[in-house]
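Here is a short note to read with the structure open beside you. Take the points one at a time, and find each place on screen before moving on.

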Amino acid sequence: MNPDVGTPILEAPVAEGSRDQHMVLNMGPQHPATHGVLRLVMEIDGEIVVRVYPEIGYLHTGIEKTCEAKFYQQVVPLTDRVDYLGPMANNLCYALAVEKLLELPIPDKAQWMRVLLAELTRLNSHLIWLGTHAMDIGALTVFLYTFREREDLLRIFEAVSGQRMMTSYIRIGGLAMEPPLGWFERVQSFIRTFPEKIDEYSNLLTGNPIFANRLKGVGYLSAEDAVALAVTGPVMRASGIDFDTRRDMPYSSYEKFQFKVPVSDGCDVWARYLCRLEEMRESTKICQQALDGMPEGRIKADAPKIVLPDREAMKTQMEALIHHFKIVTEGFAVPAGEVYQQIESGHGQMGYYVVSDGSAKPYRVHMRYPSFADLQALETMCQGRLIADVVAVIGSIDIVLGEIDR
Amino acid sequence: MSETKTLPTKAAVLEQMAEHPAIKAILAWNATALTDAKFDRGELTLTIAREQIRQACEAVKAAGYNALQTVTAVDWYPAAPRFQVVYQILSHKYKEMLRLCAMVDEADAAIGSITPVWAGANYYEREVFDLFGIRFEGHPNLRRILMPEEWVGHPLRKDYPVEGYR
């Protein structure tokens, strides 16, 4: 109101010095759109993001250190807790790494079961991504739909392993136990109806102009940046890099399956959305192939000193009882060496680097998880863009804080 | 990938895998920097002199090993040199993984940062610094990443108790 105060200051300095007068905005660690305990410290210039500093470590439990104090087989349940949305993928990657150290051949049926479970896990992981991503954008309905299908998947996991989330079903040397009677039919009925469900999500979102406008052209990540920042998985493929570990460096007999790898040149959040949606369809096809061609045979490797004996054998045979006792009390020695095993998890390339010194406990287990690298790329994707887009970008890289903080 | 032979020494690797693109690139760049090599369980490991790790990364990157996957370390306490810094590098072209290693002494636990070669090494090097206490010279923002800023000690070192100091 007083003409002596304010007028010149209001005009000139704000416009001139706005570059230096950035505001610092804190987002999280308790924020519904950060998918866990992620804290972002953002430097903003009005509505424009200038810098993003992710502050992580809130979920750090020292899993890698704990692994060094456990027997090899005791590490399997620890791996469940890393990427808690894709437990079977964690188990699989760790089991493959240790089997590589042991040079242990795995029976065909176990390998095909692993493929089937890994793909169901991918569906599970993508369903949660889709539901939460759409919810962040404001489309709440899809969340209810995807969690309906996720519930079916969790029941399938429960039927096969006894656990909904922390399955520990894929073990070193094979699987924990035979799937129960009628389990394959349950998977079959899920797989039969699932493509329609994907159409349902697609109907709700793909043609929805509000959803599309929030996603298109947002979170640009060029192919060069994606590779330089170690980004992998659907985010990398949506930036036009055609690489999928399942197809290009096959493990667990993925080379026997036919599937397409969705790639897009869009480089934005929308392209990632379409890629993941397409990946779900391809995963369904892989599951169908696995069900159709499921080989007969054992689900455990023939290695009595490494794989726990069947319950009945353990109760009736002296040898099996001794092996059981030895494995449980002393573990099994793994030949010295170092291996790195990578697989394609729901989020991208997951890798386990396991070093053995010849004893029954791993000397070092390093877990390479895709979200950790994806988070580095967040700043590149958000810089110079609107603050409201940060939420869309976080949703599109599909981070799980459990695997970032480990 | 079907090769299961093991080549435990540098001489054997250089003799039998001379045509391997990464080995060719390293030899063409600086053969003396390659201190050790082995081929085990289908994986090639090249150990590089600590001072030259960044140039070695540039050499293999130019040879087609374009995507850094992870940087980590192993603590070989009480052996000397104590730390082994490990770089896993993927080639999209050859569909193959390469492991570069460098040995780092405890007294001078430092190695050149490879962030100029791959910006994505940033977080991984911070993690190794945080959990092993190895400094990365030339890193743009070498702070703790997983542990709290004021934390004392480096938890993944072998002389750090699993339950922590209580």
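1. Start where the two chains meet. In this predicted model, the contact takes 32 residues from chain A and 27 residues from chain B. On the side of chain A that touches chain B, the elements giving two or more residues are α2 (63–67), α9 (223–228), β6 (337–344), β7 (349–356), β8 (364–368) and α15 (370–376). The most comes from β7(A), which gives four residues. Sorted by class, this side of chain A has 15 nonpolar, nine polar and eight charged residues.

2. Now look at chain B by itself. Its secondary structure comes to four helices and seven strands, and along the sequence they follow the pattern α-α-β-β-α-β-β-β-β-α-β. The C-alpha trace of chain B spans about 50 × 30 × 30 Å along its principal axes. How does the radius of gyration of chain B fit with a compact globule? A compact globule of 166 residues would have a value near 15 Å, and chain B has 16 Å, so the two agree. Buried residues make up 43% of the 166 residues in chain B. Of the contacts in chain B between residues at least 6 apart in sequence, 55% join residues at least 24 apart.

3. Please check two peptide bonds in chain B. The bond joining B:Tyr77 and B:Pro78 is cis, with omega about 0°. Another cis bond joins B:Ala80 and B:Pro81, with omega about -5°. Both prolines sit in the loop between β3 (67–75) and β4 (83–91) of chain B.

4. Next, a pair of helices in chain A. The axes of α12 (residues 269–292) and α17 (residues 387–397) of chain A come within 10 Å and cross at roughly 30°. Angles under 35 degrees count as roughly parallel, and α12(A) and α17(A) are therefore roughly parallel to each other. Their crossing is left-handed. The contact is made by A:Val269, A:Arg272 and A:Tyr273 of α12(A), together with A:Ala392, A:Val393 and A:Ser396 of α17(A). By class, that gives four nonpolar, one polar and one charged residues.

5. Finally, two backbone angles in chain A. A:Ala230 is not a glycine, yet its phi is positive, about 65°; look for A:Ala230 in the loop between α9 and α10 (233–237) of chain A. A:Cys267, also not a glycine, has a positive phi of about 60° and lies in the loop between α11 (245–248) and α12 of chain A. Are these residues buried or exposed? A:Ala230 counts as buried because it has 29 C-beta neighbours inside 10 Å, and A:Cys267 counts as buried with 21.

Conventions: Residues are numbered from 1 along each chain as its sequence is written. Chains are lettered from A and ligands numbered from 1 in the order in which they are written. This is a predicted model: local features need pLDDT of at least 70, side-chain atom pairs count only at pLDDT 80 or more; totals for chains, interfaces and linings use all residues. Axes are lines fitted to C-alpha atoms, for helices over the stretch in contact, and angles run from 0 to 180 degrees between N-to-C directions. Angles under 35 degrees count as roughly parallel, over 145 as roughly antiparallel, 65 to 115 as roughly perpendicular and the rest as oblique. A crossing is left-handed if the near helix is turned anticlockwise from the far one by less than a right angle, and right-handed if clockwise. Two residues are in contact if their C-beta atoms, placed from the backbone, lie within 7 Å. Ala, Val, Leu, Ile, Met, Phe, Trp, Tyr, Cys and Pro count as nonpolar, Asp, Glu, Lys and Arg as charged, and the others, Gly among them, as polar. The radius of gyration is taken over C-alpha atoms; the globule rule is 2.2 Å times the number of residues to the power 0.38. A residue is buried if 20 or more other C-beta atoms lie within 10 Å of its own, exposed if 12 or fewer, and partly exposed in between; C-beta atoms are placed from the backbone.
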